[in-house]
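Dear colleague,

Please look at the structure first and then read the notes alongside it.

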Amino acid sequence: MKTIADRLKKGMALRGLKQSDLATKTGISKGALSSYVSGKYEPKQQNIYKISKALDINEAWLMGLDVSMERNTLVNDPGLSEILTNISEKLNVPIKELEKEFLYDRYEIPTEITENNILEFLEKRFQQKKRETHELTVLLNQYPDSSVKPLAILCKKERIEKDLTERFVSNNSNIDLNEYLEFENNNVNIGADKIINILTTLDFTVPYVIGFLTGVLFDKTDIDRTNQVIDEMFIDNEILNKFMKLFIELDSEQIDLLKKEMEKMVGHDKLPDDRSVNKLLDVLAELQDSND
């Protein structure tokens, strides 16, 4: 699979655009575009959309897939489009929704494009989305007065930073504009499904948001209640359950140490001299093994 940097440079060359030209057309900063071109960072889905639209190229092609470069739809390859159409009929899911889920995470996309591979990938993605919806629903239900406000603030801040209108976010999230405004301005709980749609439109991953919320909501002074919420959230995932219960007991210094060790992805020779962090790293290794 080609890298986004490779495809971005090729697309700019074919369209005769410099980085400064593309920055003007997309509204993306020159610094961010430079980091994409160099391969230092990869754009999130919203910026992939902006770049693809500005260059008039296919998002899937920009993400490195072996499909047509020309842009008509999100997935503009006849063979792949036919596969997604067949799957859409089997699963009774609109084709546009399948396309969005297909492009959700480029690293998980099957390298061999067959109907069985794509069906397996999409079923796995829908299962993941179901788990994420359950976890977010638990937080919204358990902390109704304190969970929606930080989410609304987070989304509003991101929308403004991306220079997106409320109507754009509501349309792309398949939510009525008035309902979206109730969420953003009045902190109304409109349900996990709709909030996840908003988060996806704004390029947030749900696991990141759940981590953000648990950091805001979980109270170390009430460990029993927090553990009950964790049990309800991760009822089918013993390893994540164990990880979260250990994580909430860390202090700020231990969290910083854990972050450094997590960046090494447990591939280090010398373990940190902290028993609590080492226990978490052991669980993280289990989690990594279970996902391999």
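Is E132 buried or exposed? E132 is buried, at a relative accessible area of 4%, where buried stands for under 20% relative accessible area, exposed for over 50% and partly exposed for what lies in between (1.4 Å probe, protein chains only). Before going further, please note that this is a predicted model, in which local features need pLDDT of at least 70 and side-chain atom pairs count only at pLDDT 80 or more, while totals for chains, interfaces and linings use all residues. Residues are numbered from 1 along each chain as its sequence is written, and side-chain values use heavy atoms, with hydrogens and water left out.

Salt bridges

The side chain of E132 meets that of R125 in a salt bridge of 3.9 Å, N to O, the term being used for a side-chain nitrogen of Lys or Arg within 4 Å of a carboxyl oxygen of Asp or Glu. R125 is buried as well, with a relative accessible area of 5%.

The structure holds seven salt bridges. Among them is the one between K90 and E115, at 2.8 Å from N to O, which links distant parts of the chain, since K90 lies in helix α6 (residues 78-91) and E115, 25 residues apart from it, in helix α8 (residues 115-142). Helices here are DSSP runs (H or I, at least four residues), numbered from the N terminus. K90 is exposed, with a relative accessible area of 57%, whereas E115 is partly exposed at 22%.

K194 and E179 also pair through their side chains, at 2.8 Å from N to O, and this pair too links distant parts of the chain, with K194 in helix α12 and E179 in helix α11 (residues 177-186), 15 residues apart. Both count as partly exposed, K194 at 30% relative accessibility and E179 at 25%. Finally, R159, E166 and E184 are linked in a network of salt bridges.

Helix α2 and the second largest pocket

In α2 (19-26), the residues L22, A23 and T26 are buried. They lie on the same side of α2 because they cover an arc of only 105° around the axis, the arc being that of the directions from the helix axis to the C-beta atoms. Their cover includes α1 (4-15), α3 (30-38) and α4, whereas the face turned away from the buried side of α2 carries the exposed residues T24 and K25. Just after α2, G27 takes a positive phi of about 80°.

K25, T26 and G27 are also among the residues that line the second largest pocket, together with others including Q46 and F168. A pocket here, on a 1 Å grid over the protein atoms alone, is an open set of points where a 1.4 Å probe fits, with protein on both sides within 12 Å along at least five of seven lines, and its lining residues have an atom within 4 Å of a point. About 190 Å³ of space lies in this pocket, and α4 gives the most to its lining, with five residues. By type, the lining divides into four nonpolar, three polar and five charged residues.

T201 is found in helix α12 (residues 192-201) and is buried, with a relative accessible area of 9%.

With best regards

Key. Grid points are joined across faces, edges and corners, and a volume is the space filled by probe spheres set on the points. Helices (H or I, at least four residues) and strands (E, at least two) are DSSP runs, numbered from the N terminus. Ala, Val, Leu, Ile, Met, Phe, Trp, Tyr, Cys and Pro count as nonpolar, Asp, Glu, Lys and Arg as charged, and the others, Gly among them, as polar. Contact means heavy atoms within 4.5 Å.
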